[in-house]
Amino acid sequence: MKKRKMLFIVFLTTLNFLYCADMFEEFKNRAQQQYVDPFTKDLTGIICANSLNTAESLGLFKAVPPSIGLDIGVSLVLKNVSPENVILNEAFKDMGFKYIPFSVLNLSKGLPLNLDLIGRFLGSSDFVFYGIGLKYKFLSLPPLIPVVNCAVGVFYNTLDVKKILKHTSYSLNIIVSVDKIPFVRPYILAGIDNAELVVDEEVGIGEMKSKFNNGMRYEVGLKLSFIPFIYFNLGYSNIYGVDGYSLSLGAKF
(Lines give C-alpha, C1' and ligand atoms only; values in the text may rest on other atoms or scores of the structure.)
Protein backbone atom coordinates (compact mmCIF):
# COMPACT_ATOMS: atom_id res chain seq x y z
CA MET A 1 0.00 0.00 0.00
CA LYS A 2 2.84 2.41 0.84
CA LYS A 3 4.48 1.72 -2.52
CA ARG A 4 1.23 2.38 -4.41
CA LYS A 5 0.65 5.59 -2.52
CA MET A 6 4.19 6.79 -3.29
CA LEU A 7 3.72 6.04 -7.01
CA PHE A 8 0.43 7.95 -6.92
CA ILE A 9 2.14 10.96 -5.34
CA VAL A 10 4.93 10.87 -7.93
CA PHE A 11 2.35 10.71 -10.74
CA LEU A 12 0.38 13.70 -9.45
CA THR A 13 3.52 15.73 -8.84
CA THR A 14 4.87 14.98 -12.31
CA LEU A 15 1.53 15.92 -13.89
CA ASN A 16 1.56 19.14 -11.92
CA PHE A 17 5.01 20.23 -13.07
CA LEU A 18 4.53 19.23 -16.73
CA TYR A 19 1.50 21.45 -17.04
CA CYS A 20 2.90 24.22 -14.86
CA ALA A 21 5.92 24.52 -17.13
CA ASP A 22 3.66 25.40 -20.07
CA MET A 23 1.42 27.59 -17.93
CA PHE A 24 4.19 29.80 -16.62
CA GLU A 25 6.12 29.95 -19.89
CA GLU A 26 3.02 31.30 -21.61
CA PHE A 27 2.45 33.63 -18.66
CA LYS A 28 5.84 35.24 -19.29
CA ASN A 29 4.94 35.81 -22.93
CA ARG A 30 1.60 37.47 -22.13
CA ALA A 31 2.24 39.34 -18.89
CA GLN A 32 -0.23 42.14 -19.59
CA GLN A 33 -2.95 43.30 -17.20
CA GLN A 34 -5.88 42.17 -19.35
CA TYR A 35 -4.43 38.64 -19.48
CA VAL A 36 -3.10 38.45 -15.92
CA ASP A 37 -6.45 39.19 -14.24
CA PRO A 38 -8.32 36.08 -15.55
CA PHE A 39 -5.17 34.02 -14.94
CA THR A 40 -5.24 35.12 -11.28
CA LYS A 41 -8.89 34.09 -11.02
CA ASP A 42 -8.26 30.56 -12.33
CA LEU A 43 -5.11 30.12 -10.25
CA THR A 44 -6.97 31.15 -7.10
CA GLY A 45 -9.70 28.61 -7.81
CA ILE A 46 -7.46 25.57 -8.13
CA ILE A 47 -5.39 26.53 -5.09
CA CYS A 48 -8.34 27.12 -2.75
CA ALA A 49 -10.45 24.14 -3.87
CA ASN A 50 -10.41 20.73 -2.16
CA SER A 51 -8.94 22.02 1.10
CA LEU A 52 -11.49 20.17 3.27
CA ASN A 53 -13.41 16.92 2.84
CA THR A 54 -14.98 16.43 6.27
CA ALA A 55 -16.33 18.54 9.10
CA GLU A 56 -15.38 15.96 11.72
CA SER A 57 -12.49 16.97 13.96
CA LEU A 58 -9.46 14.68 14.27
CA GLY A 59 -9.09 15.16 18.01
CA LEU A 60 -5.86 15.37 19.95
CA PHE A 61 -6.13 11.71 20.94
CA LYS A 62 -8.92 9.14 20.81
CA ALA A 63 -9.01 5.83 22.66
CA VAL A 64 -11.99 4.34 20.75
CA PRO A 65 -11.20 3.83 17.98
CA PRO A 66 -7.50 4.40 18.75
CA SER A 67 -6.20 7.53 17.06
CA ILE A 68 -3.41 10.06 17.50
CA GLY A 69 -5.33 12.64 15.46
CA LEU A 70 -3.04 12.69 12.42
CA ASP A 71 -4.08 12.78 8.75
CA ILE A 72 -1.55 12.55 5.90
CA GLY A 73 -2.59 12.63 2.25
CA VAL A 74 -2.29 13.97 -1.26
CA SER A 75 -4.99 15.78 -3.23
CA LEU A 76 -5.56 16.71 -6.85
CA VAL A 77 -7.84 19.39 -8.32
CA LEU A 78 -8.75 19.60 -12.00
CA LYS A 79 -10.45 22.85 -13.01
CA ASN A 80 -11.82 23.69 -16.43
CA VAL A 81 -9.99 26.68 -17.94
CA SER A 82 -12.19 29.78 -17.99
CA PRO A 83 -13.05 30.98 -21.54
CA GLU A 84 -11.59 34.44 -20.85
CA ASN A 85 -8.23 33.05 -19.66
CA VAL A 86 -6.16 33.68 -22.78
CA ILE A 87 -2.89 32.61 -21.15
CA LEU A 88 -4.03 29.10 -20.22
CA ASN A 89 -6.14 28.53 -23.31
CA GLU A 90 -3.07 29.33 -25.39
CA ALA A 91 -0.76 27.23 -23.21
CA PHE A 92 -3.01 24.14 -23.51
CA LYS A 93 -4.15 24.61 -27.12
CA ASP A 94 -2.17 21.62 -28.46
CA MET A 95 -2.85 19.27 -25.54
CA GLY A 96 -6.54 18.54 -26.03
CA PHE A 97 -6.93 18.82 -22.26
CA LYS A 98 -8.39 22.10 -21.02
CA TYR A 99 -8.22 21.37 -17.30
CA ILE A 100 -5.73 22.98 -14.93
CA PRO A 101 -4.20 20.41 -12.56
CA PHE A 102 -2.99 21.22 -9.07
CA SER A 103 -1.81 18.61 -6.58
CA VAL A 104 -0.57 19.14 -3.03
CA LEU A 105 0.58 17.16 -0.02
CA ASN A 106 -1.60 17.62 3.08
CA LEU A 107 -0.85 17.16 6.77
CA SER A 108 -3.53 17.68 9.45
CA LYS A 109 -3.23 17.36 13.21
CA GLY A 110 -6.05 17.38 15.70
CA LEU A 111 -5.93 19.84 18.58
CA PRO A 112 -8.10 20.33 21.67
CA LEU A 113 -11.46 22.13 21.49
CA ASN A 114 -12.46 20.56 18.13
CA LEU A 115 -9.67 22.35 16.26
CA ASP A 116 -7.55 20.91 13.43
CA LEU A 117 -4.30 22.46 12.18
CA ILE A 118 -3.76 21.87 8.46
CA GLY A 119 -0.60 22.24 6.37
CA ARG A 120 -0.33 22.01 2.56
CA PHE A 121 2.87 21.80 0.52
CA LEU A 122 4.34 21.21 -2.94
CA GLY A 123 7.65 22.42 -4.30
CA SER A 124 10.83 22.15 -6.31
CA SER A 125 13.83 24.41 -6.88
CA ASP A 126 11.75 26.83 -9.01
CA PHE A 127 8.23 26.28 -7.71
CA VAL A 128 7.19 26.46 -4.05
CA PHE A 129 3.66 26.30 -2.65
CA TYR A 130 2.60 26.14 0.96
CA GLY A 131 -0.60 26.77 2.84
CA ILE A 132 -1.75 26.75 6.43
CA GLY A 133 -5.28 26.42 7.71
CA LEU A 134 -7.35 26.03 10.85
CA LYS A 135 -10.64 24.12 11.01
CA TYR A 136 -13.14 24.39 13.87
CA LYS A 137 -16.08 22.02 14.31
CA PHE A 138 -18.75 24.25 15.82
CA LEU A 139 -21.83 22.01 15.74
CA SER A 140 -22.74 18.32 15.91
CA LEU A 141 -26.25 16.91 15.51
CA PRO A 142 -27.60 15.20 17.50
CA PRO A 143 -25.31 16.31 20.34
CA LEU A 144 -24.89 12.93 22.10
CA ILE A 145 -24.42 10.69 19.06
CA PRO A 146 -23.25 13.09 16.33
CA VAL A 147 -24.28 12.10 12.81
CA VAL A 148 -23.99 15.46 11.07
CA ASN A 149 -21.04 17.76 11.76
CA CYS A 150 -20.59 21.40 10.78
CA ALA A 151 -17.24 23.18 10.65
CA VAL A 152 -15.60 26.37 9.46
CA GLY A 153 -12.10 26.48 7.97
CA VAL A 154 -9.80 29.39 7.14
CA PHE A 155 -6.72 29.12 4.93
CA TYR A 156 -3.76 31.21 3.87
CA ASN A 157 -1.84 30.02 0.79
CA THR A 158 1.20 31.29 -1.06
CA LEU A 159 2.67 30.20 -4.39
CA ASP A 160 6.10 31.49 -5.42
CA VAL A 161 7.30 30.79 -8.96
CA LYS A 162 10.91 31.93 -9.14
CA LYS A 163 11.43 35.05 -11.27
CA ILE A 164 7.85 34.89 -12.61
CA LEU A 165 5.17 35.56 -9.99
CA LYS A 166 4.02 35.35 -6.40
CA HIS A 167 0.42 34.51 -5.58
CA THR A 168 -1.21 34.74 -2.14
CA SER A 169 -4.76 33.73 -1.32
CA TYR A 170 -7.16 33.65 1.62
CA SER A 171 -10.27 31.52 1.88
CA LEU A 172 -13.16 31.02 4.29
CA ASN A 173 -15.02 27.70 4.07
CA ILE A 174 -18.11 26.22 5.72
CA ILE A 175 -18.50 22.45 5.45
CA VAL A 176 -21.24 20.03 6.51
CA SER A 177 -20.62 16.28 6.48
CA VAL A 178 -22.53 13.13 7.42
CA ASP A 179 -20.07 11.02 9.39
CA LYS A 180 -21.97 7.95 10.62
CA ILE A 181 -22.78 6.11 7.38
CA PRO A 182 -20.58 2.98 7.06
CA PHE A 183 -17.74 3.36 4.54
CA VAL A 184 -19.19 6.53 2.93
CA ARG A 185 -19.20 10.11 4.23
CA PRO A 186 -20.89 12.70 1.99
CA TYR A 187 -20.09 16.38 2.41
CA ILE A 188 -21.05 19.78 1.02
CA LEU A 189 -18.96 22.93 1.23
CA ALA A 190 -19.25 26.62 0.40
CA GLY A 191 -16.19 28.86 0.24
CA ILE A 192 -15.25 32.45 -0.50
CA ASP A 193 -11.80 33.30 -1.84
CA ASN A 194 -9.63 36.41 -2.19
CA ALA A 195 -6.18 36.66 -3.74
CA GLU A 196 -3.40 38.88 -5.02
CA LEU A 197 -0.83 38.08 -7.70
CA VAL A 198 2.39 40.07 -8.11
CA VAL A 199 4.30 39.72 -11.37
CA ASP A 200 8.07 39.63 -10.99
CA GLU A 201 9.84 42.72 -12.33
CA GLU A 202 11.92 40.51 -14.64
CA VAL A 203 8.72 39.50 -16.45
CA GLY A 204 6.63 42.68 -16.43
CA ILE A 205 7.50 46.29 -17.01
CA GLY A 206 7.94 47.43 -13.45
CA GLU A 207 5.68 45.96 -10.77
CA MET A 208 2.34 44.58 -11.94
CA LYS A 209 -0.37 43.40 -9.55
CA SER A 210 -3.67 41.62 -10.00
CA LYS A 211 -6.37 41.15 -7.37
CA PHE A 212 -9.33 38.78 -7.20
CA ASN A 213 -12.06 39.37 -4.63
CA ASN A 214 -14.95 37.40 -3.16
CA GLY A 215 -15.06 34.44 -5.51
CA MET A 216 -17.75 31.95 -4.49
CA ARG A 217 -16.94 28.26 -4.64
CA TYR A 218 -19.24 25.26 -3.99
CA GLU A 219 -18.19 21.64 -3.55
CA VAL A 220 -19.92 18.29 -3.02
CA GLY A 221 -18.19 14.99 -2.54
CA LEU A 222 -17.91 11.55 -1.01
CA LYS A 223 -15.20 10.46 1.39
CA LEU A 224 -14.83 6.68 1.08
CA SER A 225 -13.03 4.29 3.44
CA PHE A 226 -13.19 0.53 2.88
CA ILE A 227 -9.82 -0.26 4.53
CA PRO A 228 -8.97 0.77 8.11
CA PHE A 229 -7.00 4.04 8.29
CA ILE A 230 -7.07 4.55 4.48
CA TYR A 231 -9.51 6.84 2.65
CA PHE A 232 -10.06 8.53 -0.67
CA ASN A 233 -12.54 11.12 -1.75
CA LEU A 234 -14.15 12.16 -5.02
CA GLY A 235 -15.63 15.61 -5.44
CA TYR A 236 -17.28 17.99 -7.86
CA SER A 237 -16.84 21.76 -7.61
CA ASN A 238 -18.41 24.84 -9.09
CA ILE A 239 -15.51 27.28 -8.93
CA TYR A 240 -16.65 30.80 -9.78
CA GLY A 241 -19.10 29.35 -12.32
CA VAL A 242 -16.65 26.87 -13.87
CA ASP A 243 -16.57 23.08 -13.33
CA GLY A 244 -13.89 21.44 -11.25
CA TYR A 245 -13.16 17.92 -10.01
CA SER A 246 -11.14 16.64 -7.07
CA LEU A 247 -9.51 13.47 -5.87
CA SER A 248 -7.73 12.76 -2.59
CA LEU A 249 -5.95 9.77 -1.09
CA GLY A 250 -4.85 9.67 2.52
CA ALA A 251 -4.25 7.82 5.76
CA LYS A 252 -5.73 8.72 9.13
CA PHE A 253 -3.97 7.54 12.28
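Strand E9 (residues 230-239) and E10 run antiparallel, joined by ten bridges. Strands here are DSSP E runs of at least two residues, numbered from the N terminus. Two strands pair if DSSP finds at least two bridges between them. This is a predicted model, where local features need pLDDT of at least 70, side-chain atom pairs count only at pLDDT 80 or more, and totals for chains, interfaces and linings use all residues. Residues are numbered from 1 along each chain as its sequence is written, and side-chain values use heavy atoms, leaving out hydrogens and water.

Asn233 has Ser248 in E10 as its bridge partner. Two residues lie between the strands in the hairpin of E9 and E10, where Tyr240 takes a positive phi near 55°. E10 also pairs with E1, antiparallel, over nine bridges. Lys79 stands opposite Gly244 in E10.

## The cavity

There is one cavity of 30 Å³ or more. A cavity is a set of points, on a 1 Å grid over the protein atoms alone, where a 1.4 Å probe fits but cannot get out. The largest cavity has a volume of about 280 Å³, the space filled by probe spheres set on the points.

Its lining has 23 residues, with an atom within 4 Å of a point. Ser51, Asn53, Asp71, Ser108 and Tyr231 lie nearest the centre. Strands E1 (70-80), E2 (99-111), E3 (115-123) and E10 (242-252) each give two or more residues to this lining.

## After helix H2

Asn50 follows H2 and has a positive phi, near 60°. Helices are DSSP H or I runs of at least four residues.

How values were computed: On a 1 Å grid over the protein atoms alone, a cavity is a set of points where a 1.4 Å probe fits but cannot get out, and a pocket is an open set with protein on both sides within 12 Å along at least five of seven lines; lining residues have an atom within 4 Å of a point.
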